[in-house]
Amino acid sequence: MGSNNNVVFSDEENQFSCGTNKVQPCSSTPKRSIIDDEGKKSNFLSFSKRLGVSDFFSLDVWRASIGELLGTAVLVFMLDTIVISTLESDTKMPNLILSILAAVIITILLLAVVPVSRGHMNPIISFSAALVGIISMSRAIIYIMAQCVGAILGALALKAVISSSIEDTFSLGGCTVTIIAPGPNGPVIVGLETAQALWLEIFCTFVFLFASIWMAYDHRQAKALGHVTVLSIVGVVLGLLVFISTTVTAKKGYAGAGMNPARCFGPAIVRGGHLWDGHWIFWVGPIIGCVAFYVYTKIIPTKHFNAEYGYKHDFVGVVKALFGSNV
């Protein structure tokens with residue numbers, strides 16, 4: 001794949017070069033001074049540049065978003081198929097099989113999409129990368145829109161190939177907090193309490209970013225481990241979190257932590273009904289988790305992944321630029 005993939009979710013504007021956005025030989029000037037110069041210049045960028053407004057008019061960004069759209073479509077189709085098939089099987093621990101298969105599928109899709117768009121396929125990754133400043137907020141918005149459209153297409157594709165009875169029974173493999181089930185005295189609502197589901201989303205999102213995506217954000221670890229190893233770790237961590245969230249609660253009606261708002265959004269649009277009950281949890285939880293992770297990145301030592309010099313799209317920098325501050 002080329003060396004450019006060593007920094008998996010890096011800023012596509014800066015990852016290949018020393019001061020420009022094209023691949024070229026770097027000068028003999030020490031790297032620290034180059035980054036320092038870029039860091040100082042970034043403090044004087046306008047609000048529109050920090051926000052990355054030009055990305056809305058960049059053909060390359062929109063072309064990269066096609067990779068996000070198709071990747072998310074395949075992800076939703078495959079994951080929801082795995083959810084349905086494992087739950088329908090007679091295995092004693094379907095959640096374990098589900099977690100293993102999910103880790104494998106996610107890793108394969110990341111390897112396929114990373115060369116195109118850095119392989120986000122998840123609003124959590126795009127939003128957290130925008131907060132940290134690795135990509136612009138404008139690029140993140142484009143990616144998230146593409147991911148949501150892709151999730152809808154993936155859910156539509158799944159709906160087209162399964163029977164209506166399976167669709168009704170397994171809610172198209174979508175994200176549920178509660179369901180209506182038959183009881184001794186009539187239908188009853190079973191599942192997880194709203195507060196519990198929200199905390200699980202927040203916790204799993206933070207752990208996902210902390211334990212795996214962090215390696216992709218840090219160019220030193222990404223380069224040392226290699227992009228295949230990093231992406232495999234991302235898949236394994238997600239699989240473990242799926243297993244934990246479905247095992248700890250072990251309640252009928254709760255589908256486990258979503259950890260991907262787009263994946264929950266697609267089936268909810270296509271299937272509707274009770275999939276909208278508590279759907280906000282699968283957005284609000286990850287957003288809070290991303291903000292918590294961003295706060296963490298501002299607390300740790302500033303020498304980590306060039307944070308000493310700052311990324312020009314960093315959220316704090318965007319806010320300062322909005323109010324005209326160059327500090």
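Hi everyone, let me begin with a sorting rule: Ala, Val, Leu, Ile, Met, Phe, Trp, Tyr, Cys and Pro count as nonpolar, Asp, Glu, Lys and Arg as charged, and the others, Gly among them, as polar. The structure above is a predicted model, in which local features need pLDDT of at least 70 and side-chain atom pairs count only at pLDDT 80 or more, while totals for chains, interfaces and linings use all residues. Residues are numbered from 1 along each chain as its sequence is written, and side-chain values use heavy atoms, with hydrogens and water left out.

Now, the second largest pocket. On a 1 Å grid over the protein atoms alone, a pocket is an open set of points where a 1.4 Å probe fits, with protein on both sides within 12 Å along at least five of seven lines, and lining residues have an atom within 4 Å of a point. This pocket has a volume of about 870 Å³, meaning the space filled by probe spheres set on the points, which are joined across faces, edges and corners. Its lining has 40 residues, and Val83, Leu87, Leu98, Thr246 and Ala255 lie nearest the centre. By our sorting rule, the lining holds 22 nonpolar, 14 polar and 4 charged residues.

Which helix gives the largest share of that lining? Helix 4 does, with 6 residues. Helix 3 (59-88), helix 7 (164-170) and helix 10 also supply at least two residues each. Helices here are DSSP runs (H or I, at least four residues), as are strands (E, at least two), numbered from the N terminus.

Let's stay with helix 4 (residues 94-117) and helix 10 (residues 227-249): their axes come within 8 Å and cross at roughly 150°. Axes are lines fitted to C-alpha atoms, for helices over the stretch in contact, and angles run from 0 to 180 degrees between N-to-C directions. So helix 4 is roughly antiparallel to helix 10, a label for angles over 145 degrees. Their contact involves 14 nonpolar, 9 polar and no charged residues.

Helix 10 has another partner, helix 8 (residues 194-217), with axes within 9 Å and a crossing of roughly 165°. That makes helix 8 roughly antiparallel to helix 10 as well.

Last, the cysteines. Cys175 and Cys264 form a disulfide, with sulfur atoms 2.1 Å apart; the cut-off for such a pair is within 2.5 Å. Cys175 sits in the loop between helix 7 and strand 1 (178-183) and Cys264 in helix 11 (residues 261-271), so the pair ties together parts 89 residues apart in sequence. The S-S torsion of Cys175 and Cys264 is about -75°, so this disulfide is left-handed.

Notes:
Angles under 35 degrees count as roughly parallel, over 145 as roughly antiparallel, 65 to 115 as roughly perpendicular and the rest as oblique.
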